[in-house]
Amino acid sequence: MGAVLAVRRYRVSGVPVCLWGCGLSIVLGGCVQAVPAPATPTVTPPVSGAPPVESLAAPAEVDTATLSPPLDLAFFEDSWAQYRQRFIQGDGRVIDWETADQRTTSEGQAYAMLRAVMIDDPASFEQVLRWGENNLTRKGPNGQSLDRLWAWKWGPDEAGEWGITDANFASDADIDVATALILAARRWDRPDYMDLARQKLADLWRYSTVAETSAGGARYLLPGPVAAFSPTSDTIYLNPSYFAPYAFRLFAQVDRDRDWLSLVDSSYAVLTASADLSAQSLPSNWVALSLADGTYQPLPPDAPIQSVYGFDAYRVWWRIALDAAWFEAPEAQAYLQTHLPALVAIWQQDQAIPAEIDLTGTPLSDFESTAQYAMLYRGLAEIDGAAAQALRDQKLLPTYQDGFWDSASAYYTQNLAWLGLFPPEWVSADWLKSML
């Protein structure tokens, strides 16, 4: 297709690693501040096809009677204040300090909006939103707006001029922005936010979903523009961590012109079926789906994005947990019960979970990830509170110091840790209700 490949950087043990390739314009997950582990954890035997467990016990040596109490609102307010001071400019731009060019991404603006509405900070919400609207709006050659979606990357170009450096959009960011707008419209009585959310939803549906050609065929959420994620006419590349069933349920309430609930069905279908690629029934960062026969395959070995459990896939646990918490979705509970046990077994055995695991169950990293533990915490909290609290006390609270997890530059970790720990029940049912 000749498009330029644009990928995000991972930061592994403080060393930036840039992944390159050609042929597609693809967006990878955010930056990660890794936490070194003493040794590569061994992996327990595959559990693919194992039935759901009734209880996921914490490691045996953990005395649940000594677990720390729940985090209070002041903890999240303080953490947000530190993040806002460190990562958000006065004009609302969110800076990714882990990258050499100090870029901004649509993902970063979206996470800040979600956090702002959850913590009740309307001023910061408005600043971050306005910066995104003023700087990330995708434009054509004549300067006219193409749609209401946001370009995913903004920063300095080769000449040192600041602006959009990749005009493709990343659908996970636009989903999070629309979700934040809906919650903000309801929390702060801002109908203008609801109007903007509807405009974004119309474009997200038009440019980032694709349906099977057969009558009644399923519709799928793509990670970005259709042209970038359809390498052949009957193959699409999917990122399971972009699937947000809770958001699709919200979208169905406010946008009756599109069948958003169909994306709930296809999301769970992809999550469930594609996990069979993994010997441990884990989600992958990326999978390929044949629209011709409905089969899933790992991405080609030479592709710049891979079918492994890693930094993108962590977010599956958080997104599915929100569907369980906010909408009591039985399919969410079933998914967590079925697919979390393998990671809990590793934790029980080794007291550490590797940051990346391939499809055979082999660790690809000899370090841990605080971001992973935060997302696991949210998933576990829906099905085993004691195990979740033990994970929080062992792996999350010890890495938090002076308002930051891992370090004051770990942009990706700050967001995933905060969002994973934030109690979903603090989001009022009034902000989730249907507005008929």
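This is a predicted model: local features need pLDDT of at least 70, side-chain atom pairs count only at pLDDT 80 or more; totals for chains, interfaces and linings use all residues.

Reply: The chain has 14 helices and 15 strands.

Me: How much of the chain is buried, and what makes a residue count as buried?

Reply: A residue is called buried when its relative accessible area is under 20%. Of the 436 residues in the chain, 59% are buried. The accessible surface of the chain is about 16,300 Å², and carbon and sulfur atoms account for 52% of that surface.

Me: Why are helices α4 and α5 called roughly antiparallel?

Reply: Two packed helices are described by the angle between their axes and the distance between the axes. Helix α4 covers residues 171–187 and helix α5 covers residues 191–208; their angle is about 155°, and their axes are 8 Å apart. An angle over 145 degrees counts as roughly antiparallel. The value of about 155° lies over that limit, and therefore α4 and α5 are roughly antiparallel to each other.

Me: Which residues make the contact between α4 and α5, and of what classes are they?

Reply: On α4 they include I175, V177, A178 and L181, and on α5 they include Y193, M194, L196 and K200. By class, the contact has 13 nonpolar, two polar and three charged residues.

Me: How do you know whether K200 is buried or exposed?

Reply: K200 is in helix α5. Its relative accessibility is 1%, and the limit for a buried residue is under 20%, so K200 counts as buried. Setting aside neighbours within four places in sequence, K200 is in contact with E133, R148, L149, W150, V177 and L181.

Me: What makes L396 count as buried?

Reply: L396 is in helix α12, which covers residues 385–396. Its relative accessibility is 0%, which is under 20%, and therefore L396 counts as buried. Not counting residues up to four places away in sequence, L396 touches T370, Y373, A374, Y377, L391, W405 and L421.

Me: How far apart are L396 and D406 in sequence and in space?

Reply: L396 and D406 are ten residues apart in sequence, and their C-alpha atoms are 9.4 Å apart in space.

Technical notes
Residues are numbered from 1 along each chain as its sequence is written. Side-chain values use heavy atoms; hydrogens and water are left out. Axes are lines fitted to C-alpha atoms, for helices over the stretch in contact, and angles run from 0 to 180 degrees between N-to-C directions. Helices (H or I, at least four residues) and strands (E, at least two) are DSSP runs, numbered from the N terminus. Angles under 35 degrees count as roughly parallel, over 145 as roughly antiparallel, 65 to 115 as roughly perpendicular and the rest as oblique. Contact means heavy atoms within 4.5 Å. Ala, Val, Leu, Ile, Met, Phe, Trp, Tyr, Cys and Pro count as nonpolar, Asp, Glu, Lys and Arg as charged, and the others, Gly among them, as polar. Buried means under 20% relative accessible area, exposed over 50%, partly exposed in between (1.4 Å probe, protein chains only). Accessible areas come from the Shrake-Rupley method with a 1.4 Å probe; for residues, only the protein chains shown count as cover.
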